[in-house]
Amino acid sequence: MMQPVAYDSTPAAADHKRLHNFSAGPGTLPLEVMLEVRDQLPVYGDLGSSIMEISHRSPAYTEVNERAVAHLRTLLGLGDDWHVLFLQGGASMQFHQVPLNFLPEGGSADYLNTGSWSKKAIKEAQIVGQSRNAAPHVAASSEASNFNYIPEPATWDLSPDAAYLHYTSNNTIFGTEFAEEPDVDVPLVCDASSDFLSRPMSVERYGLIYAGAQKNIGPAGATVVLVKEDFLQQRRDGLPTMLDYRTHTAKLFNTPPVFAVYMIEKVLRWLQNLGGLPAIQKQNEEKAARLYGAIDATDFYQGTAREDSRSKMNVTFRIKGGDEDLEARFIQEAKGEGLLALKGYRSVGGLRASIYNACAQESVEALVQFMQEFERTNG
Ligand SMILES: Cc1ncc(COP(=O)(O)O)c(C=O)c1O
C-alpha cells in the first residue's frame with residue numbers, strides 16, 4: 001500500500017536564530033523584507049491567494065512589477081530612454097545574449113578580462129563571433145597574476161571600432177572591483193552581478209547593464225537587465241525570439257519570475273528607505289574599511305587582492321600566507337560562533353567574506369571580533 005508522503009517537518013523559522021551570513025551568492029537579504037514576505041506568503045492583500053498563484057497579467061502582479069521598475073528608475077536616475085527588464089537564465093545567459101544582439105558582422109567588441117566571470121563572457125562572445133567573422137578583443141587582462149588586480153586604464157589596448165566595452169564591475173571570486181567606472185568612447189556593457197546598487201553609477205556611459213539578482217537585490221531567479229533605447233537600436237535582426245532584447249522591451253512577453261520580482265520590489269523599497277545609493281555606499285565603505293582594517297592590522301591575515309583593486313563586496317584573505325589547516329579551523333570555529341559561509345572559492349583558496357548591501361554592520365563587527373580572538377589563540 002502506498003504510504004502518504006510526509007510534509008517537511010523542518011521547524012518553523014521562528015524556532016531558529018538568523019546567523020551572520022557571508023554567503024557570496026545567493027546572499028543574505030534584509031530581515032525586514034523576509035518578515036514582510038513571511039506575513040504575506042499565504043495571502044497577498046485581499047487576493048485570497050499568494051502572489052505566486054495568480055496570473056502575471058493580473059492587476060496585482062502588474063502593480064508589483066511596475067513598482068519594482070519604478071524603484072530602479074529612481075535609484076539609478078534612469079530616464080525614459082532606458083528599458084528595465086527582469087529576465088531568466090541568470091547572468092550567464094547574458095554572457096551569450098549580449099554578443100548575440102550586439103556583436104556586429106565582421107566587427108569587434110572590447111572585453112576586460114578580470115576574473116572567471118569575465119572569461120566566461122569572453123568565451124560566449126567567441127562562440128557568437130565564429131559565425132559572424134567577428135571576435136571579442138581582450139583589451140586588458142590580469143589573468144597572469146590570478147586576477148588579483150584591475151588593470152589600469154592607461155594599459156588598456158582599446159580597439160577603435162569596438163561596438164561596446166564589456167567589463168565585470170566586481171569580481172566575486174577574486175575580491176576585486178573597479179574603483180572607477182571605465183571612461184571610454186564606446187558604450188559600456190557591464191556585468192554588475194555582485195556590486196549592483198552598492199554605489200551610484202554614471203548610467204550615461206552605458207548601453208546595457210545586467211545583474212543576477214541573488215547577491216544584492218533579491219533571491220535567485222531573476223536577472224535585471226537595463227538597456228538603453230539608442231543602444232538597443234544597434235542590435236541585429238533575425239534573432240531567436242526569447243534572446244532578442246526587443247521581445248522583452250516591447251511587452252511582458254512571457255511569464256516572468258514573479259516571486260523573485262516580488263521580493264526584488266521589497267528589497268529596492270528597503271534600499272530607498274535607507275536613503276538610496278549614496279547612503280548604502282557610505283555603509284558599504286564603512287563595512288569594508290572595518291574588515292580590511294582588521295586584516296591589515298596584523299601579519300596573521302593577508303588580503304589577496306592588490307590594495308587599489310579591493311572589492312567592497314567580497315573580501316578575500318588568507319591566514320599566515322595560506323596555512324590551509326588554520327584556514328579550515330577558522331571556518332569551522334567561525335561557524336560555531338554563528339558566522340556562516342566564509343570559505344574562499346577554490347581558485348583563490350583561503351577565506352572570503354561577502355558583505356553585500358544587506359549584510360549588517362553588526363555582522364562585520366562580529367567577524368572582526370572573531371578574527372581578533374582567533375589570532376589570539378592561534379597566532
Ligand atoms: C560577477 C558574476 N557574474 C556572473 C555570475 C553568474 O551568475 P548566474 O549564476 O546568475 O548565471 C556570477 C555568479 O556568482 C557573478 O558573481
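Let me start at the ligand, which is surrounded by Gly25, Gly90, Ala91, Ser92, Trp117, Thr168, Thr172, Asp191, Ser193, Ser194 and Gly212. A residue is taken as near a molecule if its C-beta atom, placed from the backbone, lies within 6 Å of it. Helix H3, residues 90-102, gives the most to this shell, with three residues. By type, the shell has two nonpolar, eight polar and one charged. Here Ala, Val, Leu, Ile, Met, Phe, Trp, Tyr, Cys and Pro count as nonpolar, Asp, Glu, Lys and Arg as charged, and the others, Gly among them, as polar.

Two notes before I go on. This is a predicted model, where local features need pLDDT of at least 70, side-chain atom pairs count only at pLDDT 80 or more, and totals for chains, interfaces and linings use all residues. Residues are numbered from 1 along each chain as its sequence is written.

Next, the domains. An automatic or database domain assignment divides the protein chain into domain 1 (51-273) and domain 2 (276-378). Their C-alpha centres lie 28 Å apart. The contact takes 24 residues from domain 1 and 24 residues from domain 2, where two residues are in contact if their C-beta atoms, placed from the backbone, lie within 7 Å. On the domain 1 side, strand S6 (170-171), strand S7 (176-177) and helix H7 (258-274) are the elements that give two or more residues.

Now two helices. Helices (H or I, at least four residues) and strands (E, at least two) are DSSP runs, numbered from the N terminus.

In H2, which residues are buried? They are Tyr61, Val64, Asn65, Ala68, Val69, His71, Leu72 and Leu76. Buried means 20 or more other C-beta atoms within 10 Å of the residue's own, exposed means 12 or fewer, and partly exposed is in between, with C-beta atoms placed from the backbone. Strand S2 (82-87) and H7 are among what covers the buried residues. Glycine 77 follows H2, with a positive phi near 65°.

In H10, Ser363, Val364, Leu367, Phe370 and Met371 are buried. Seen down the axis, they fall within an arc of 120°, so they line one face of H10. Gln361, Glu362, Glu373, Arg376 and Thr377 are exposed on the other side.

Key: The arc is that of the directions from the helix axis to the C-beta atoms.
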